[in-house]
Amino acid sequence: MPKYTYNLQPAGGHKWQKEVDALWIRLECCSDMAWLCLPVIAVSQKVLEDDPPASHSVTHSLVAAYDFTLPVNTPWADFALAQPSPVSATSVESVKHIITPRPQAVTVAVPLCRVKAVVLKSPLEFSSTELKFAQHSSDIHFNIADESLNSQKLDLKNISRQQLTWKLNCDDAGKNTEDSIFKFSLQAGFLDPGQKISIAVFFCPSSPGTYASEMSVCLNDNPSHYKITLSGTVKSPKINFDPPFLMLMPVPLDVKTETAISIIPQDYLRQSQIRVELPELELEDGDRIYPFSVQFPEGQDIVLSSDGTNKELICHISFKSSRPVSFLGNMFFTDEEENRFSIQVAATAENCLLTLYPYLAFHGSDQQVILRSNSDTTFESESDEKTSEESEADSQSDGRENKYELSFFPDEDKKEYNFFQKTLTAVKNWFTLFGWSKGQNPISIPYSLRRDVCKVQMTSSQEKVFKENLGKDTKTVYDMLFHLSGQLLPGITLSQSLPLDPVERTLQLHWQHSTLLAFLKSQGAYLPHIMPEFLLEPDDYKKWIKVQTVPTKGHTAELKKRDVKNSDLFSDKHLFIMEDSIFETMSKRAWTDVLLQVYKVFVLPRVSSRNITDLFSFESVQSMPRIKSEPLSSNIYSPYERTILNWLNKHYEKNRKTVWKDCQKGEVPPMRWIVNFDRDLLDGLVLAAQLAAYCPYLIATHFVRMYTNPRTPEQFLHNNLILVNAMHAVSLAIGIKATDICDPNPVMLLILCVYLYESLPHYLPKKTIEFTGALHATVVKQVRLKNPSSKTLMYNAILVGRDADDFSLPKGNTVTIAPKRQTSINVEFTSRFLRPAEAVLLLISKTVGGIDGATLTFSLKSEVKHIEPADILKFKSPCYELKKVILNVTNPFRNDGIFRVILLESTSYLTQPEQVYQARRVKQEQTFSSENNILNCKKGALPEDSNEENSLNCSDQSSLLHEFFSPMEKLFLEGRSSAGLDIHFLPFNLEKRYCTVILVNELIGEFVYLIEGTGDVPLPSGLLPMDSPNVLHISSTLEGSSAVEPVLYLKCGFAQILEENLRIPLINESRERALAIAAQQQMSTIEYERRKITGTLQSSSVRVATALLGLSRVENLPKEAQITPSV
């Protein structure tokens, strides 16, 4: 049979009962059998004759013994059924009990379990095993032992039948008995059976507080099992504060913030008046200021209520400073008994938007940034007096709960939440994109920042401790600080590891965060309200609180060793225990403020005012008021932020007329004075002007489509969509959306403006690359780049601008330059238009190994030097006779499209693209819709001299009598396909005329054909009828299809001289008819239909107006070449 050990104790814990109703048996098997707990029921018999003692300790007691067997179910199925054995009984001190258990049915084989039980009775009875004392500090004189003030009796009685020797073992009581906090009238003695004695216990505290001891009572010099608990409390006047930690809202300079706190007095037995010791602050220059003030609206006397409790006091704490200051310290409240109580206060006054964003969130609707019109140009945050009073009253009516909530991240149902959330998003986006050395690193606030705190984690396996590398991609906040500042935190490395022990890990994290905050404060960060524990993860925060409230000796020593300078942070006095939800909001706020201050001290100082000094030289901005750069000339903006405002103002005023002179949606926007980073920027025009100053090619492609006077939300969104698209076009990626600008957050737009201020100067072209060649020719140029650094540089090349599609990078968009090497970029250009093409080559740096190169910009310009027509068509036609031909044209482009047909006439072949381009502009402006249009045409002549032909101008083209026409104003051409273009030629002179045919699609391109038309001798004119015998025949009298050229046949005798008077018409009918046809060819459709209906298509006014175009050429001929017509 297996060996078992049985321990029997009464059911129901340690309390004794006269009747034992049930017992629990714990069986411990020495073999592999598991622990079993079995109830023993129906054991009911009076065990002791006398009453049991008050204590359940076992010493010199009466004993009742039990011995029986129990069936026990076991996992073994092969045990044979055991038979009960005879029950034996033992006796102790004449008390004998034999209990035989009731037989139980057993269906499976079980081992025999023998149970031995012993029940004890205490020989000593105590009147009480726990003594409690309570006193008030006003009733005693500390450090004077007055035993009569507070004492209690402890009775001991011997209930056994033997004499007992008892002794109080004060060695177990600890320090409180050594210091005579608890004293006893007797500490040892004898007790006969039934005898009772009384021991006086005195409570003699040395100072207010709570005291506790536990001592043992020994009987007959045996080890003690009797414990007596002693506790005493000395109540003294105490003051609690709600909230326990006061975090005042950061305010601008010379602006007051006020918060109400509740003073909760306790244990005051008489009335007392509260005095306040206001902190004195010493500034960097040695000046001392008192920025705090307090008021007690209901009085500052502690008054006892009728039920004996103390009434709460309301205290208004105000803070105001005209100098930047950050304070974390104690404000002391002293009563009439010189008891001092402190509340920790954090307050900040500064002129920096990144610090003051909570103030703007809560006062954005009732206050605004204004410009004072006096000798000093300053910005101030002011509000109407009435509004301020109402706001103050509303705040007071909300109660202290609202006041305290201002210290944390607002709830989602509050209007301030969106402001805080947008600020958090702006910070998160910037640090994700630019806060790390090796490119983007997505972060989440506060989760990833407080999670990624080390790169090496200590782990254990099989009693061995080793370091586990968390991966090279793990990036900590210390990597970010090193990237931005170039400095390592004292005592912290980039490969920092954490201990394996959870408590030690928490302590080291707290120390690291303390070092981080101390480092930032030394750089100028204002973070008085951020405690190191606020930056921990929730689990680590709980461990920190636990260590602070119940520290072990080793951990306490570790705390003291970590940082002596920050020892006040580890005091219980400054320990703030927060619930999980409150801690999360505080953690979010704390990490947001830390990142904002990192940006303030390491990124914002990059802004330099020297970059905008040259802008003041322009006449358009000289009349604008300037923002002073003195540090304290603004109470809300730092010098760097004012530099950004200056930059915005100057560029907007300088460029607004240039950017929107040809605006499609309004006139030039009016002058404005930009004094904030939200309302003045929400229409997108100011930011667009900044981009246009450095990237003028964005004007034609983007900014001309903006509303210059937007009034509706849709128009504001339209403008900002264009602005964001323009930023994306030039790779200005900062993660901002159009809706972020429509609903502006000043911190977000400040960060955007600083980014543009840093980035846009790199977009000014360093050099211009020119491409020259014939129309449709391909020209290749090389851009040589040299890397002087010892690191590899990588760029992403992009082409932007109006004609960026005409340029290409045949070797791809990625450019890699090895250290100390150089490389070349091939830029290819194929002209599609006659006009000059412009584009910009941008080389945007890509991070390689933590190295970023500066953005490089090159201006690309082209010029078509020569025109090669796709084909030349030549033909002749008699003067005044309309000749119709078909010009076969082929689309050289791959795209289908509708091409406009432009005809440009000249007396010589136009080879200069500039001439063709100018002539085409004139042709586009000419319309012949009425007689007045024709009569008002400019007069001039096309120079005959070949040198003068090269200086062809618009007036020469407009003075020509047009001889080439086309009824087709537009022609649809499929890609690489051909079609016929109808051309009409109506010559008026015996000469060659050239027509340059240009087919234009503004999106696809243009191509050129050349037509050479020659005016031949006009057809013979018909003669008037003649009545003469010498006239044989006039063929012009014939009509119809058999008509031939008009011929006058005369007859005359041989050797006879014939004289005949011919009748010649004064009007050249062929020319008049041709003039009418030419006029009709140039009429608009509406004009043609109007004259057709009125029957004036052939009117003399039309012919005269057309003829005047040709007279100018005659008038400008040399005198010897002029012909004077006779009548």
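# Chatting through a predicted model

Mentor: Let's begin with a charged pair in this predicted model: R323 and D285 form a salt bridge, with their closest N and O atoms 2.5 Å apart.

Trainee: Nice. Where do R323 and D285 lie?

Mentor: Both are in loops. R323 is in the loop between strand 26 (313-319) and strand 27 (325-334), while D285 is in the loop between strand 22 (281-282) and strand 23 (288-289), so the pair ties together parts that are 38 residues apart in sequence.

Trainee: And what is the relative accessible area of R323, and of D285?

Mentor: R323 has a relative accessible area of 26%, so it is partly exposed. D285 is partly exposed too, with a value of 47%.

Trainee: How many salt bridges does a search of the whole structure find?

Mentor: The search finds 30 of them. Another one is between R672 and D683, where the closest N and O atoms are 2.6 Å apart. R672 and D683 both lie in the loop between helix 13 (639-659) and helix 14 (685-694), so this pair ties together parts that are 11 residues apart in sequence.

Trainee: Is D683 buried or exposed?

Mentor: D683 is buried, with a relative accessible area of 7%.

Trainee: Got it. Which residue does D803 form a salt bridge with?

Mentor: That would be R802, with the closest N and O atoms 3.0 Å apart. D803 is buried, with a relative accessible area of 2%, whereas R802 is partly exposed at 44%.

Trainee: Let's switch to helices. How many residues does helix 8 have, and how far does it reach?

Mentor: Helix 8 runs over residues 502-522, which is 21 residues. From its first C-alpha to its last it reaches 30 Å, close to the 30 Å expected at 1.5 Å a residue.

Trainee: How many of the residues of helix 8 are buried?

Mentor: The count is 15 of the 21, so helix 8 is largely enclosed by the rest of the structure.

Trainee: What happens at the start of helix 8, and what follows the helix?

Mentor: At the start, a side-chain oxygen of D501 comes to within 3.2 Å of the backbone nitrogen of V503. After the helix comes G524, which has a positive phi, near 110°.

Trainee: What does Q597 touch?

Mentor: G524 turns up again there. Leaving out residues up to four places away in sequence, Q597 touches L354, T355, G524, A525, Y526 and L527. Q597 itself sits in helix 11 (residues 580-602), and it counts as buried, at 2% relative accessibility.

Trainee: Which side chain has a polar contact with the side chain of Q597?

Mentor: The side chain of K600 does, at 2.9 Å.

Trainee: Now the nonpolar side. Which residues touch the most other members in the largest nonpolar core?

Mentor: L648 and F703 do, in a core of 161 residues. If you set aside its neighbours within four places in sequence, F703 is in contact with V659, W660, A688, L691, A692, L698, I722 and A726. There is also a second, separate core of 25 residues, and I181, M215, L219 and L230 are among them.

Trainee: What about phi for K820 and R976?

Mentor: K820 is not a glycine, yet its phi is positive, about 60°. R976 is likewise a residue other than glycine, with a positive phi near 60°. Most residues other than glycine have a negative phi.

Trainee: Where do K820 and R976 lie?

Mentor: K820 lies in the loop between strand 38 (814-817) and strand 39 (822-830), and is exposed, with a relative accessible area of 59%. R976 is in the loop between strand 46 (970-973) and strand 47 (978-985), and counts as exposed at 54% relative accessibility.

Key. Residues numbered from 1 in each chain as written. Predicted model: local features only at pLDDT ≥ 70, side-chain atom pairs only at ≥ 80, totals over all residues. Heavy atoms only, no water. Helix = DSSP H or I, 4+ residues; strand = E, 2+ residues; numbered from the N terminus. Expected span 1.5 Å × (residues − 1). Buried < 20%, exposed > 50% of the residue type's maximum accessible area, 1.4 Å probe, protein only. Polar contact = N/O pair within 3.5 Å; in protein donor to acceptor, adjacent residues only side chain to side chain. Contact = heavy atoms within 4.5 Å. Core = buried A, V, L, I, M, F, W, Y, C linked by side-chain atoms within 4.5 Å. Salt bridge = Lys/Arg side-chain N within 4 Å of Asp/Glu carboxyl O.
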